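The sequence and the coordinates come next. The paragraphs after them go through the structure one part at a time.

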There are 4 protein chains.
Amino acid sequence: MMKIIFLILSVLSAFTTLNAQGHSHKGSMALHYPDIEGYVTLKTDLHQHTVFSDGDVWPTIRVLEALRENLDAISLTEHLEYQPHIDDIPHPDRNRSYYLAMEEAKEHGLLIVHGSEITRSEPVGHSNAIFISDANMLMADDPEIPFEEAKKQNAFVFWNHPAWYAQSPTGNPILSDFQEERIKNGELHGIEVINTFDYAEESLALALKHNLTIMGTSDIHGLIDWDYTEKGMHRPITLVFAKDRSLESMKEALFAGRTVAVFNSLLVGKAAFLIPLIKASVKLIEATYIPDTNVLKVELENISSSDLMFENQMPYTLYSKAPVFEIPAGETVTLQIKTLEKKESISLDLKALGAYTEPKVQPVISWEIKID
Amino acid sequence: MMKIIFLILSVLSAFTTLNAQGHSHKGSMALHYPDIEGYVTLKTDLHQHTVFSDGDVWPTIRVLEALRENLDAISLTEHLEYQPHIDDIPHPDRNRSYYLAMEEAKEHGLLIVHGSEITRSEPVGHSNAIFISDANMLMADDPEIPFEEAKKQNAFVFWNHPAWYAQSPTGNPILSDFQEERIKNGELHGIEVINTFDYAEESLALALKHNLTIMGTSDIHGLIDWDYTEKGMHRPITLVFAKDRSLESMKEALFAGRTVAVFNSLLVGKAAFLIPLIKASVKLIEATYIPDTNVLKVELENISSSDLMFENQMPYTLYSKAPVFEIPAGETVTLQIKTLEKKESISLDLKALGAYTEPKVQPVISWEIKID
Amino acid sequence: MMKIIFLILSVLSAFTTLNAQGHSHKGSMALHYPDIEGYVTLKTDLHQHTVFSDGDVWPTIRVLEALRENLDAISLTEHLEYQPHIDDIPHPDRNRSYYLAMEEAKEHGLLIVHGSEITRSEPVGHSNAIFISDANMLMADDPEIPFEEAKKQNAFVFWNHPAWYAQSPTGNPILSDFQEERIKNGELHGIEVINTFDYAEESLALALKHNLTIMGTSDIHGLIDWDYTEKGMHRPITLVFAKDRSLESMKEALFAGRTVAVFNSLLVGKAAFLIPLIKASVKLIEATYIPDTNVLKVELENISSSDLMFENQMPYTLYSKAPVFEIPAGETVTLQIKTLEKKESISLDLKALGAYTEPKVQPVISWEIKID
Amino acid sequence: MMKIIFLILSVLSAFTTLNAQGHSHKGSMALHYPDIEGYVTLKTDLHQHTVFSDGDVWPTIRVLEALRENLDAISLTEHLEYQPHIDDIPHPDRNRSYYLAMEEAKEHGLLIVHGSEITRSEPVGHSNAIFISDANMLMADDPEIPFEEAKKQNAFVFWNHPAWYAQSPTGNPILSDFQEERIKNGELHGIEVINTFDYAEESLALALKHNLTIMGTSDIHGLIDWDYTEKGMHRPITLVFAKDRSLESMKEALFAGRTVAVFNSLLVGKAAFLIPLIKASVKLIEATYIPDTNVLKVELENISSSDLMFENQMPYTLYSKAPVFEIPAGETVTLQIKTLEKKESISLDLKALGAYTEPKVQPVISWEIKID
């Protein structure tokens with residue numbers, strides 16, 4: 001009877017909480033996301049700068065930062081046309097930044113993607129060409145040349161920060177004729193829907209309309225620690241769903257559009273990849289009825305590094321949780337589901353509130369739960 | 001003599017420590033909620049136990065706990081019929097717990113509400129009678145007597161944990177004929193929609209259907225610290241919107257149904273009170289356009305102790321924030337709203353995702369923003 | 001050459017630090033101290049109060065608090081003569097507190113020592129009799145009776161807070177004729193050198209002079225969390241070096257004087273026990289020379305829950321550490337010792353600055369280090 | 001254009017975050033040390049590297065790091081002879097690093113000291129020449145030239161990391177004939193007793209023997225955050241006691257030897273400056289007797305950023321504190337001193353355990369306390 005049981009449960013769970021704290025993904029810098037059916041999930045940040053364009057650090061620091069956050073791949077995409085340090089760093093070979101990162105990374109297993117940023121004012125705008133073979137060849141007065149050359153080098157090219165208000169004063173991306181032609185020519189394949197702190201729904205709409213690969217990048221110039229870590233955040237990244245952990249597979253996956261852009265608790269991607277990602281991120285630990293009740297306890301662990309916010313979409317209500325609830329990164333949460341009668345299995349249907357497959361559209365994820 | 005001095009010194013220094021650490025509401029134990037138009041907002045926990053029924057502490061601890069959380073009022077609602085410590089504490093005067101709390105509270109300004117829990121098995125169930133004058137008079141074999149007597153004493157009576165699965169194995173509240181009659185007779189006036197960790201949508205439905213006052217309580221038996229604080233939570237409370245900070249006004253407000261039940265980021269109440277509460281909780285600091293853009297920066301401060309989760313409902317999208325975003329308790333957040341053209345004022349329309357005016361119904365809150 | 005090596009080392013150690021944080025004893029409430037040669041180390045708090053005298057909680061809370069701090073044994077030593085709650089808790093059987101603790105503890109393996117506090121004004125003062133068989137028999141007007149009776153029950157008796165300024169306005173313990181006679185009669189066996197937050201060197205001097213067992217206790221009346229935990233402290237405890245983990249062995253060890261009183265980083269005891277305790281608390285992980293140098297790296301782990309402060313006493317100086325340095329509880333520290341020439345073994349001699357074997361006397365601890 | 005705006009915004013908001021968190025000195029990065037009688041206390045780090053020698057960051061980062069730690073002055077002392085990045089940064093004008101730091105610092109009030117590192121193998125070793133006018137003039141094959149030239153430029157020159165085991169395999173500094181001659185010629189004026197994590201007592205001995213100015217520096221190559229901050233440490237600094245806050249006064253003070261080297265809780269300096277520094281760091285808040293006792297309560301605040309460890313040297317013992325105790329940086333501690341009889345004033349005599357005026361010699365600091 002009475003509520004003494006609650007005391008015991010809560011003391012127990014207090015201990016659990018204490019033990020869990022140290023293991024919480026929150027405290028750690030290392031990012032973790034699960035693989036999905038058929039693919040390895042690669043954590044990438046493919047838009048970064050160093051002293052070789054307008055960044056503030058030597059390329060080695062970018063490698064060390066990436067290792068601290070457990071990334072699989074990075075690209076140092078120096079501006080081809082914007083070189084504020086050129087008096088000190090004449091930089092005649094525009095591949096230097098890549099070579100220096102490669103040397104630092106070689107014993108660490110971090111993948112370095114060879115890239116450069118094509119940097120023009122509107123209507124050309126900024127784009128990153130990655131998986132290039134020679135950055136020097138992308139330099140030319142005619143803005144069409146770098147895109148043509150990137151295509152010759154079989155590079156994957158994506159449009160940077162389309163919604164940046166310094167370029168588009170409304171903060172909305174405007175696809176120029178120039179860019180539309182690049183898409184038609186097969187010279188522009190992706191688009192940043194998240195850049196630095198900014199997610200733009202309009203960029204997502206463009207990605208879907210023009211079938212562009214969805215990208216998220218840090219565009220870091222200073223220090224990851226100062227811009228993100230010490231504010232309790234991780235940098236934006238692109239999860240790439242590749243056939244294996246290699247540069248070739250990563251490139252194939254980018255061309256095939258198999259990505260989810262992630263910025264802390266925000267996840268943006270096509271349903272075909274975002275839904276399996278969230279499904280794999282939440283693992284069922286146990287499902288049993290509370291003795292003498294029709295209340296089903298379902299223990300769920302979020303093995304990803306994103307805090308996941310859900311809204312109950314089941315025909316059943318929850319005991320001890322509001323319909324909107326969070327499973328923090330790396331933590332375990334127990335739902336108590338009022339199934340009204342004993343079931344052998346249920347479909348756990350939750351809307352992922354921080355996830356978007358289209359502007360304002362959040363996916364409902366369903367887990368089939370067999371009850372022990 | 002004795003060492004009571006040490007206790008006082010150490011409690012004082014505990015407060016000092018807390019204040020020194022906790023300028024952010026998050027770190028601090030002290031709860032803060034703003035007043036709303038026409039009413040003072042009282043923070044109350046009106047369902048608690050001590051060693052005088054089945055709790056684990058002397059009444060003084062309940063007073064000290066309440067002061068640490070900055071509550072305005074508490075009630076020690078000892079079970080009339082469940083007295084597991086009766087061999088050690090014969091407790092002939094069932095008002096003792098109240099008297100002891102009164103004595104401890106008197107120099108602190110904490111309001112003590114005289115209460116008792118009427119504790120029967122189904123179909124009578126558990127109910128708290130508060131604002132009573134003599135608990136002894138509520139003891140009787142016939143379950144109708146305590147309700148009649150409470151009414152004679154002009155007490156406010158509410159149904160406890162209607163969804164508790166130990167009493168209702170489905171976890172759903174079942175209003176018995178006995179209880180329905182109590183409502184008709186004006187002997188039952190409120191209902192807990194939040195008890196301990198449990199919010200029950202079905203209890204909210206009953207509150208709205210039968211016009212019962214919406215209550216949230218801790219029902220604490222052990223220590224607030226172990227059950228809530230060290231897990232990063234606050235206890236559930238009832239915010240009472242009273243004409244002034246007095247027991248009489250509080251009672252009037254409870255009878256009038258002017259409450260919101262709060263449990264951390266969850267807020268449940270009638271729209272007439274919940275909407276003004278959230279509106280008052282978020283203060284506009286500044287609204288200006290970013291130079292040379294049509295992007296409006298709106299700086300908002302959450303002065304409440306609840307983390308508030310919102311979803312954008314405006315015709316405009318946000319720069320640098322997903323449509324779903326949080327304003328943590330006590331913190332300031334800047335929205336960047338893409339109004340597309342310069343406006344002189346806008347309506348900031350946000351759905352409060354952690355707030356419920358009806359089962360599954362979250363209110364949209366609108367702030368009129370004049371732009372500087 | 002150059003200092004690039006330092007960067008790599010420091011990044012590596014940054015990761016170590018991050019991983020270690022969660023496991024750090026600092027964050028955890030659970031106390032750990034190693035066994036010493038020939039004895040099991042029992043963590044005990046043998047002076048505590050509940051509502052059965054002038055404390056604020058039911059005995060069950062004391063059991064739960066002890067389990068949270070990983071104690072091996074506690075005693076609830078209610079005042080025999082000071083009973084402020086007697087109107088509510090008539091307490092005719094003065095063993096009730098003990099019985100209630102026993103019941104709560106029985107499935108947890110916590111040892112409960114039967115005790116009572118003999119509470120008189122000066123010159124009798126306060127003393128705890130523990131390992132009694134019946135508290136009721138200790139009640140008498142004549143102050144000699146309880147001591148005689150305690151002896152009859154084969155109890156271990158210790159003098160409480162001898163330096164408490166409420167009893168001794170200078171804050172210095174004054175051994176009365178009454179107490180001296182108790183010692184002569186074999187009726188007083190121990191003395192608190194640490195009580196609540198107070199360590200008194202004069203009490204240590206008395207312990208050594210009269211061969212009394214050295215005790216440290218919390219004398220808790222309120223909540224351990226409020227008085228200690230939330231200030232970043234642990235309660236004072238007595239480490240008892242017993243032949244095995246049982247009440248009988250513990251009693252034998254107390255009579256034999258095999259104890260160390262501990263209050264966070266302060267450790268007070270006879271050299272015969274304090275030195276082996278600290279020696280066992282610091283484990284050698286590895287000792288090797290840094291290549292191409294005569295600088296010896298010695299990695300040491302503090303497996304105790306006390307931060308240990310040391311001062312180098314070797315003929316060698318340290319690289320990368322001041323002569324005074326700390327090994328925090330649960331952490332590993334690397335000393336770099338300039339042995340000037342390569343050695344096969346050295347004696348690591350450190351003065352333990354927070355440890356006292358006599359007033360103002362800190363022991364030098366020596367670890368024989370074989371070099372790999 | 002470009003995204004430099006983001007950097008500025010995010011650095012600014014990083015500071016905001018820090019201030020919001022960090023009212024305790026512990027949490028905050030900003031260093032604070034009090035002025036001493038007759039002098040302003042300048043916080044300096046006069047040995048640092050950037051990409052212009054073998055460091056990993058652009059000079060602007062060094063300025064931002066210094067501002068975050070609230071330093072008054074820094075020097076970027078690039079190696080003249082060690083230039084691993086020379087292929088990318090030809091660096092024909094060896095003053096570039098200084099110019100770039102000056103430009104970044106100019107609106108922030110941070111003092112930039114023009115310096116360079118003379119980098120040779122033994123017996124010349126490494127030395128920093130600061131307050132130079134032209135680094136280019138210090139380059140020459142003959143090792144005597146840079147010292148002569150530095151003297152011509154009226155530079156202050158100090159010996160770097162004399163105890164570094166890569167140069168001296170015993171980890172002990174060996175003063176070469178070359179260096180001894182430099183001292184005689186007035187071409188070498190200071191010596192690092194703390195470099196990176198290393199304090200060398202032998203270097204302090206040399207400083208005292210040859211009347212060299214005592215220096216502490218970070219010698220940072222990577223990131224201050226990774227090497228120090230995220231391990232809970234501050235970088236080593238030199239406190240310079242100058243007549244006012246200007247480069248000229250700072251230089252005069254360095255030549256006059258008015259410094260204390262500081263690394264977290266370690267302070268090393270001549271007694272004439274170290275003692276007044278610690279004396280000024282601990283402020284008396286209040287001194288009163290506890291009513292009805294002879295126990296004097298003395299409230300002390302440590303206004304410095306160093307945790308200060310003390311050992312009681314008074315003829316009186318302490319109540320509620322061991323003889324060895326800490327006053328953490330920025331915190332207030334209350335001593336309870338058993339003066340045995342009521343006094344009108346006492347001398348509070350404490351040995352500062354983390355402070356050294358000579359190898360192994362810790363100063364006793366005395367504060368005259370008038371009792372209210």
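Which residues point one way from strand S17 (residues 324–327) of chain A, and which the other way? Val324(A) and Glu326(A) point one way, whereas Phe325(A) and Ile327(A) point the other way, and all are buried. This is a predicted model, and the values given here are computed from it. S17(A) pairs with strand S15 (residues 308–312) of chain A in the antiparallel sense, over four bridges. Within this pairing, Phe310(A) has Phe325(A) as its bridge partner in S17(A).

Chain A as a whole can be described next. It contains nine helices and 21 strands. The C-alpha trace of chain A spans about 80 × 40 × 40 Å along its principal axes. For a compact globule of 372 residues the radius of gyration would be near 21 Å, and the 23 Å of chain A agrees with that. Of the 372 residues in chain A, 55% are buried.

In helix H4 (residues 144–152) of chain A, the buried residues are Pro146(A), Phe147(A), Glu149(A) and Ala150(A). These residues are on the same side of H4(A), because the arc they cover around the axis is only 165°. The cover over them includes strand S4 (115–119), strand S5 (126–130), strand S6 (156–159) and helix H5 (177–184) of chain A. After H4(A) comes Asn154(A), which has a positive phi, near 60°.

The buried residues of helix H4 (residues 144–152) of chain B are Pro146(B), Phe147(B), Glu149(B) and Ala150(B). They fall within an arc of 165° when seen down the axis of H4(B), so they line one face of the helix. Covering them are, among others, strand S5 (126–130), strand S6 (156–159) and helix H5 (177–184) of chain B, and S4 is included too. Asn154(B) follows H4(B), and its phi is positive, near 60°.

Strand S4 (residues 115–119) of chain B holds Gly115(B). Is Gly115(B) buried or exposed? Gly115(B) counts as buried because it has 26 C-beta neighbours inside 10 Å, and the cut-off for a buried residue is 20 or more. Leaving aside residues up to four places away in sequence, Gly115(B) touches Leu46(B), Ser75(B), Leu76(B), Thr77(B), Asn128(B), Ala129(B), Ile130(B) and Ile132(B). Ala272(B) is 157 residues from Gly115(B) along the chain, and the C-alpha atoms of the two are separated by 28 Å.

Chain B also touches chain A. The contact involves 39 residues of chain B and 38 residues of chain A. On the chain B side, the elements that give two or more residues are strand S8 (198–199), helix H6 (201–209), helix H7 (224–227) and strand S16 (317–319) of chain B. By type, the residues of this side of chain B are 17 nonpolar, eleven polar and eleven charged.

The sheets can be followed in the other chains. In chain C, four strands form an open sheet in the order S17-S15-S19-S21, with antiparallel pairing. Strand S17 (324–327) and strand S21 (364–370) of chain C are the edge strands, each pairing on one side only. From one strand to the next, the twist averages 40°. Strand S15 (residues 308–312) of chain C runs antiparallel to S17(C) and is joined to it by four bridges.

In chain D, an open sheet of seven strands has the order S3-S2-S1-S10-S11-S12-S20, and its pairing is mixed. Strand S3 (111–113) and strand S20 (355–356) of chain D each have a single partner strand, so one side of each is without a neighbour in the sheet. S3(D) pairs with strand S2 (residues 73–75) of chain D in the parallel sense over three bridges, and Ser75(D) has Val113(D) as its bridge partner in S3(D). Helix H8 (residues 247–255) of chain D lies across strand S1 (40–45), S2, S3, strand S10 (237–242) and strand S11 (259–263) of chain D. H8(D) runs at about 100° to S10(D).

Conventions: Residues are numbered from 1 along each chain as its sequence is written. Chains are lettered from A and ligands numbered from 1 in the order in which they are written. This is a predicted model: local features need pLDDT of at least 70, side-chain atom pairs count only at pLDDT 80 or more; totals for chains, interfaces and linings use all residues. Two residues are in contact if their C-beta atoms, placed from the backbone, lie within 7 Å. Ala, Val, Leu, Ile, Met, Phe, Trp, Tyr, Cys and Pro count as nonpolar, Asp, Glu, Lys and Arg as charged, and the others, Gly among them, as polar. Two strands pair if DSSP finds at least two bridges between them. Axes are lines fitted to C-alpha atoms, for helices over the stretch in contact, and angles run from 0 to 180 degrees between N-to-C directions. A residue is buried if 20 or more other C-beta atoms lie within 10 Å of its own, exposed if 12 or fewer, and partly exposed in between; C-beta atoms are placed from the backbone. The arc is that of the directions from the helix axis to the C-beta atoms. The radius of gyration is taken over C-alpha atoms; the globule rule is 2.2 Å times the number of residues to the power 0.38.
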